[in-house]
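Have the sequence and the 3D view open as you read along.

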Amino acid sequence: MALYEQLVVDGQLTKEKGVTYLVLSPAKAGKHRIGKTYEYDSRNKVVKVPLKRQE
């Protein structure tokens with residue numbers, strides 16, 4: 001399974017105006033939940049979504 005597929009399997013989806021969205025919440029410091037949270041990098045103005053934990 002591709003890493004991003006786990007987001008859809010574990011994540012919450014919603015559909016609005018014909019578009020399906022993955023619904024994520026902001027992560028608390030060090031508390032990432034795959035398919036549930038994101039982290040905003042304000043310096044680079046991007047959203048980072050955790051895909052897997054290091055083994």
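## Confidence, strands and surface

Of the elements in this protein, strand 5 has the highest mean pLDDT (93), while helix 1 (residues 3–10) has the lowest (74). Keep in mind that the model is predicted. Across the protein the average pLDDT is 85, and 96% of the residues score at least 70.

**The hairpin.** Strand 1 covers residues 12–16 and strand 2 covers residues 19–23; the two pair in the antiparallel sense over five bridges. If you want a landmark, look at Gln12, whose bridge partner in strand 2 is Val23. Two residues lie between the strands of this hairpin, and Lys17 takes a positive phi near 50° there.

Three strands make up an open sheet with mixed pairing, in the order 3-4-5. Strand 3 (25–26) and strand 5 (46–48) each have a single partner strand, so they stand at the edges and one side of each is left without a neighbour in the sheet. As a general point, strands of a sheet pair through backbone hydrogen bonds, either parallel or antiparallel. Here, strand 4 (residues 37–41) and strand 5 run antiparallel and are joined by three bridges. Within strand 5, Lys48 stands opposite Glu39.

**The salt bridge.** Which residue forms a salt bridge with Lys48? The partner is Asp41, and the closest N and O atoms of the pair are 3.3 Å apart. That falls within the 4 Å cut-off, so the contact qualifies as a salt bridge. The count for the model comes to one salt bridge. In general, side chains of opposite charge can pair when their charged atoms come close.

| Residue | Relative accessibility | Class |
|---|---|---|
| Asp41 | 14% | buried |
| Lys48 | 43% | partly exposed |
| Tyr4 | 55% | exposed |

Asp41 counts as buried because its 14% is under the 20% limit. Tyr4 counts as exposed because its 55% is over 50%.

**The nonpolar patch.** Tyr4 also belongs to a nonpolar patch on the surface, together with Leu3, Tyr40, Val47, Val49 and Leu51. Together these residues have about 560 Å² of accessible area.

Note on methods
Residues numbered from 1 in each chain as written. Predicted model: local features only at pLDDT ≥ 70, side-chain atom pairs only at ≥ 80, totals over all residues. Heavy atoms only, no water. Salt bridge = Lys/Arg side-chain N within 4 Å of Asp/Glu carboxyl O. Buried < 20%, exposed > 50% of the residue type's maximum accessible area, 1.4 Å probe, protein only. Pairing = 2+ DSSP bridges. Helix = DSSP H or I, 4+ residues; strand = E, 2+ residues; numbered from the N terminus. pLDDT = per-residue confidence, 0-100. Patch = residues over 30% accessible without salt bridge, like charges linked within 9 Å, V, L, I, M, F, W, Y side chains within 5 Å. Areas by Shrake-Rupley, 256 points an atom, 1.4 Å probe, with all protein chains shown as cover.
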